[in-house]
Amino acid sequence: MNKKLLLFIVACLVSALVLAACGGSEEESTDATESNSGSSAEETESAEDGTIEVEHAMGTTTLEEKPERVVSLYQGATDTVLEFDVTPVGVVESWVEVPMYDYIKDDLQEVTYVGQETQPNLEEIAALDPDVIFASQIRHEEIYEQLSEIAPTIVNETIYDFKETTNLIGQALGEEEKAETLIADWESRIADFKEKIVSNENWPMSAAVLNYRADHARIYVTGFAGSILQEAGFEEPIELQGQNEEIVMLNDKEAIPQMNADVFFQFMEDTPDVQKNFEEWTAHPLYENLEAVQNDNVFTVDEVAWNMAGGLQAANLMLDDMYEYFELEQ
Amino acid sequence: MKQWTFRLFNDRISIQLSARWLVITGIWLFAVAAVFLLSLSSGSNWIPLTEVFMQITGRIDQHSFVVETLRLPRALMAILVGAALGVAGLILQSLVRNPLASPDIIGITSGASLGAVTFISFGAGVISMQYLPLSAIAGGLLAALLIYLISWNKGVTPIRLVLIGVGLSAMMKACVTFMLVMSETATTTKSYIWLTGSIYAASWSDVTSMIWWLLIPIPFLLVFGRGLNVTELGEDFSVSVGIRVQLQQFIFLMCSVMLAGTAAAYAGGIEFVGLMAPHIARRLVHRSFPGLAVLTALIGAFLVLIADLVARTVFLPLDIPAGVFTAAIGAPFFLYLLFRYRNQ
């Protein structure tokens with residue numbers, strides 16, 4: 001009998017430990033992403049013999065000469081490479097509007113698709129005989145060795161840090177000045193936006209990026225859209241300030257007050273399930289009390305530019321939208 | 001029926017094989033070899049078999065990357081994974097005398113899944129992905145030990161082992177789901193692919209380290225294998241002919257965990273093979289464990305190999321996780337066997 005009791009206690013302890021580990025995770029992972037954003041592109045050492053050395057998330061890679069044939073394995077790189085006036089020879093399929101997002105489809109008419117971002121086809125990549133491959137650690141860590149055998153591979157730590165993507169691509173293509181210009185342009189646009197948004201009677205404002213799914217809703221606090229909003233001077237959602245959350249999942253309508261912010265930017269898939277869920281959430285009595293709803297500051301945004309693309313062009317499109325929503329002159 | 005019995009090392013190892021076994025195993029060996037060669041030839045571009053041979057023997061070098069770095073380790077990995085899963089299932093089914101037992105059902109696979117998903121959720125970007133297999137094996141092993149420990153009451157009876165396994169498995173699956181819901185989108189996607197099971201990205205170092213893991217259970221299976229057939233007749237009978245039932249049970253459980261855990265570690269949660277490969281083997285030959293094990297290994301290898309071949313060639317340029325297809329290909333064949341031998 002005692003033995004059984006002991007076993008029961010052991011089982012309880014184990015499950016408690018597992019649960020504790022689950023709960024502790026989030027803080028850890030936010031810490032990780034925060035420290036990541038600090039470790040941005042290191043200096044490139046362009047040796048005198050014309051080789052290019054790039055330090056990136058998975059080591060240092062040497063390119064013998066300025067690359068011409070580029071393969072991009074994540075959406076953010078596909079978008080950003082085009083900003084350097086380079087047309088990649090191979091890219092992975094987009095998440096929606098397959099095979100490629102409408103806003104860059106025309107620039108990529110000749111491109112070869114090498115499968116999906118999560119499991120790109122290595123044989124297809126090898127057949128393209130590229131000079132450089134842009135990959136992401138979160139997606140492609142396991143195939144880094146194989147990719148490196150095909151061509152020098154430059155790895156970004158995340159998939160949404162478009163500035164890091166711009167820096168890495170600039171270094172690898174030997175176009176650092178261009179990269180600097182692109183980022184400087186971005187920063188001056190942000191500065192301009194910050195200057196003009198002040199005239200808005202409600203400034204300073206908090207903003208929430210909301211995503212409705214078929215069975216729940218999410219608040220993206222950081223990530224692509226969230227970090228750009230913060231850069232533009234918006235505060236985190238009112239209830240989530242200072243909590244260092246990345247994504248908040250709302251599984252129950254009672255949690256609606258967590259969404260509270262002065263402005264909502266929402267996006268969702270265009271399917272009946274999602275629409276139905278969206279209507280249920282927005283019809284809930286709690287929803288009426290939210291600041292953004294009361295002030296009529298709810299904007300439905302393009303999910304490609306705001307969430308799925310993750311490149312420099314997408315960031316600029318997102319900023320265009322923001323100018324438009326707040327009726328500011330560019 | 002013609003049968004041969006081999007006795008080695010003072011009767012410590014005995015293996016009984018029949019003529020029918022020899023023929024059927026020969027056929028499956030041929031089938032696996034054929035699909036293996038087909039796997040080396042097909043992909044984004046078709047490489048004729050003659051060129052594949054010349055590449056492997058080093059007479060030409062133009063296909064070095066595609067054949068030797070991509071296709072060969074991937075095909076070998078599929079064979080190893082399928083064989084390991086099949087034999088793990090065979091052992092479990094004989095051990096608990098229940099035809100529905102398999103590593104996916106009694107919690108070994110979910111333990112490995114929990115290990116892997118935990119690693120992906122908390123370790124991705126912090127710890128190198130090459131340690132993912134270790135985390136998965138540890139998860140599977142811990143799960144099995146826990147199941148065994150909780151089932152223990154002056155010995156372990158198979159039925160309790162299964163019930164507690166099913167219970168713990170449900171609990172661990174809940175934890176996996178919890179982690180999937182809580183982690184950010186990029187890691188969730190990665191976890192989903194792992195849970196489906198994929199041979200993608202197999203490298204030579206994966207293949208060699210997997211072989212080492214798989215070598216561990218083989219001597220145990222050779223020595224204790226003949227006892228497994230006796231245990232199937234019931235515990236009392238086994239004791240009366242001098243088998244140490246508890247010891248044997250523990251060793252077989254651990255062997256099964258080693259096999260299933262290793263397979264899960266390198267290929268993720270491929271389901272169905274562990275359940276079906278032994279059933280298919282049993283339909284074809286009679287139940288002498290060593291022979292059955294070899295045939296099950298071949299059938300498992302065949303299933304995973306062909307699933308991966310379909311996954312990476314039919315939807316080009318897409319490369320789809322093989323786990324999507326193992327059941328789709330294996331189930332119709334199994335139903336056919338059931339129908340064909342329905343009167344036996």
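How many helices and strands does chain A have? Chain A has 14 helices and 14 strands. Helices here are DSSP runs of H or I with at least four residues, strands are runs of E with at least two, and both are numbered from the N terminus.

Some ground rules before I go on. This is a predicted model, in which local features need pLDDT of at least 70 and side-chain atom pairs count only at pLDDT 80 or more, while totals for chains, interfaces and linings use all residues. Residues are numbered from 1 along each chain as its sequence is written, and chains are lettered from A and ligands numbered from 1 in the order in which they are written.

I will start with chain A. Of its 330 residues, 41% count as buried. Buried means that 20 or more other C-beta atoms lie within 10 Å of the residue's own; exposed means 12 or fewer, partly exposed is in between, and the C-beta atoms are placed from the backbone. Among contacts in chain A with a separation of 6 or more, 64% are between residues 24 or more positions apart. A contact is a pair of residues whose C-beta atoms, placed from the backbone, lie within 7 Å.

From the record, UniProt lists residues 69-330 of chain A as "domain: Fe/B12 periplasmic-binding", in an unreviewed entry. UniProt positions are given in the numbering used here, feature names are shortened, and annotations may be inferred rather than shown by experiment. That span is 43% helix and 16% strand, and its end C-alpha atoms lie 36 Å apart.

Chain A is also divided into domain 1 (52-174) and domain 2 (200-325); these bounds come from an automatic or database domain assignment. Taken over C-alpha atoms, the centres of the two domains of chain A are separated by 30 Å. Their contact takes 18 residues from domain 1 and 12 residues from domain 2. On the domain 1 side, H2, H3 and H7 of chain A each supply at least two residues. H2(A) gives the most to that side, with 7 residues. By type, the domain 1 side divides into 9 nonpolar, 6 polar and 3 charged. In this scheme Ala, Val, Leu, Ile, Met, Phe, Trp, Tyr, Cys and Pro are nonpolar, Asp, Glu, Lys and Arg are charged, and the others, Gly among them, are polar.

Next, the helix H14 of chain A, residues 312-325. Buried residues in H14(A) include A:Leu312, A:Ala315, A:Met318 and A:Met322. Among the elements that cover the buried residues of H14(A) are helix H2 (75-83), helix H8 (176-197) and helix H13 (303-308) of chain A. After H14(A) comes A:Glu327, with a positive phi near 50°.

Two loop details in chain A. A:Val98 and A:Pro99 are joined by a cis peptide bond with omega of about 5°, and A:Pro99 is found in the loop between strand E4 (90-91) and H3 of chain A. A:Asp85, in the loop between H2 and E4 of chain A, has a positive phi near 60° although the residue is not glycine. Is A:Asp85 buried or exposed? A:Asp85 is exposed, because 10 other C-beta atoms lie within 10 Å.

The peptide bond from B:Leu316 to B:Pro317 is cis, with omega near 0°, and B:Pro317 is found in the loop between helix H13 (289-313) and helix H14 (323-340) of chain B. B:Phe272 has a positive phi near 80° and lies in the loop between helix H11 (245-267) and helix H12 (273-284) of chain B. B:Phe272 counts as buried, because it has 24 C-beta neighbours inside 10 Å.

Last, where the chains meet. In all, 35 residues of chain B are in contact with 37 residues of chain A. Elements giving two or more residues to the chain B side include helix H3 (64-95), helix H5 (132-151) and helix H6 (158-182) of chain B. H6(B) supplies the largest share of that side, 6 residues. The residues on that side of chain B divide into 23 nonpolar, 10 polar and 2 charged.

Note on methods:
Contact = placed C-beta atoms within 7 Å.
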